[in-house]
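Colleague: I have the sequence and the structure open now. Could you take me through it?

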Amino acid sequence: MRRRIRALVTCVLLAPAGCGLTSGSPMSDDVKPGLIGKGEPLKGADLTVTSKSFTESLIHGAMMGIAFQAAGAHVLDRTGIQGSIGGREAVKKGDADAMYEYTGTAWITYQGHSTPIPDPRQQWQAVKAADVKEGLTWLPPSRLDNTYALAMNQDAYRKYGTRTLSDVAALAKKNPGAVTLCVEGEFANRADGLPGMEKKYGMHIPAKNVTQMDTGIIYTQTAKGSCTYGEVFTTDGRIRSMNLVVMDDDKKFFPNYNAAPEINTTTFKKWPAIAQVLAPLTARLDNKVAQELNAKVDVDGEDPHQVALDWMRKEGLVK
């Protein structure tokens, strides 16, 4: 199941009444301003950060909280909410002040659109404009785009040589048995998943060639060659660690899922310096960085918060 666009919300860490946040702990990192936080523009602020529960979002939540601390704020950590809607609702209601959210998730899941906007900047602008009435302020997006893709192992790449989804479509037409897929159940049925991809690229993959399985298993089975192509997320650290080859979405079918700060508007009006505090951080987030940091957690077993802190110090964002 796609981790960040699950429609059903499990209100873990949430109270029954309106799913209001009830738990959390203060962040107590010993950080000082680096490229972030000079002059401590958030001194005196009490800010709560939240996130979803998957690795990348946990890292982003930690980064945001560390940035706020460096700028002088007291920060409450309420990261790790299950599902997608819980974190957004917390920020809307003021139970949390900020999180990193994905533009594609907002555009399709929250705002109800079925067709993505191909240009990532235009999609962010549309999401930002639509969320004004929801009491949410979107800050400029990162280059990080955690979207769907198909990937294959090195042996399959040497055998078939496909580089794009158009190449996969051509291979499926020429040699139908060569194109076997390992995918999640949700991807197999979503309009912005396998059915839509087949329609966009004019490919037909027989049902017998599609095996549905859990996300983590997809990576290992693709690496083993149990299927020619596996459904992956473009920022997942296992792509690099397993040396998988990602197919280019040359017709730009999959939505853009650029990570961007989503701030409670009332909070932002009170503390507008949040924008300048987060800008240097957001500017450094891209798929390469995400794969590297996600792998430290998912492959090496490190703690997401420590991974975020170590990277921010290495980049000179904080000291």
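Predicted model: local features only at pLDDT ≥ 70, side-chain atom pairs only at ≥ 80, totals over all residues.

Colleague: How do E7 and E9 pair, and over how many bridges?

Modeller: E7 and E9 pair in the parallel sense, over 2 bridges.

Colleague: And how do E6 and E9 pair?

Modeller: E6 and E9 pair in the antiparallel sense, over 4 bridges. Within that pairing, Leu-150 has Glu-231 in E9 as its bridge partner.

Colleague: What is the strand order in the open sheet?

Modeller: The open sheet has 5 strands in the order E8-E7-E9-E6-E10, and the pairing is mixed. Strand E8 (210–212) and strand E10 (245–246) are the edge strands, each pairing on one side only.

Colleague: In which sense do E6 and E10 pair?

Modeller: Strand E6, residues 148–152, pairs with E10 in the antiparallel sense over 2 bridges. There, Ala-151 stands opposite Val-246 in E10.

Colleague: Back to E9. How many of its residues are buried?

Modeller: E9 is mostly covered, with 5 of its 5 residues buried.

Colleague: Which residues of E9 point one way, and which the other?

Modeller: Tyr-229, Glu-231 and Phe-233 point one way, while Gly-230 and Val-232 point the other way. In a regular strand, side chains alternate between the two faces of the sheet. Residues of both sets in E9 are buried.

Colleague: Which helix lies across E6, E7 and E9?

Modeller: That is helix H9, residues 215–224. Helix H9 lies across E6, strand E7 (181–183) and strand E9 (229–233), and runs at about 135° to E9.

Colleague: Changing topic to the helices: where is Val-307, and is Val-307 buried or exposed?

Modeller: Val-307 is found in helix H14, residues 304–314. Val-307 has a relative accessible area of 2%, and the cut-off for buried is under 20%, so Val-307 counts as buried.

Colleague: What is Val-307 in contact with, leaving aside its neighbours in sequence?

Modeller: Setting aside residues within four places in sequence, Val-307 is in contact with Ile-59, Leu-293, Lys-296, Val-297 and Glu-302.

Colleague: How does the lining of the largest pocket divide?

Modeller: Its lining divides into 7 nonpolar, 5 polar and 4 charged residues.

Colleague: How much space lies in the second largest pocket, and which residues lie nearest its centre?

Modeller: The second largest pocket holds about 260 Å³ of space. Of the 16 residues that line the second largest pocket, Ser-114, Thr-115, Pro-116, Phe-253 and Pro-255 lie nearest its centre. By class, the lining of the second largest pocket has 8 nonpolar, 4 polar and 4 charged residues.

Note on methods:
Residues numbered from 1 in each chain as written. Heavy atoms only, no water. Nonpolar A, V, L, I, M, F, W, Y, C, P; charged D, E, K, R; others polar. 1 Å grid on protein atoms, 1.4 Å probe; cavity = no way out; pocket = protein on both sides within 12 Å on 5 of 7 lines; lining within 4 Å. Points joined across faces, edges and corners; volume = space filled by probe spheres on them. Pairing = 2+ DSSP bridges. Contact = heavy atoms within 4.5 Å. Axes fitted to C-alpha atoms, helices over the stretch in contact; angles between N-to-C directions. Buried < 20%, exposed > 50% of the residue type's maximum accessible area, 1.4 Å probe, protein only.
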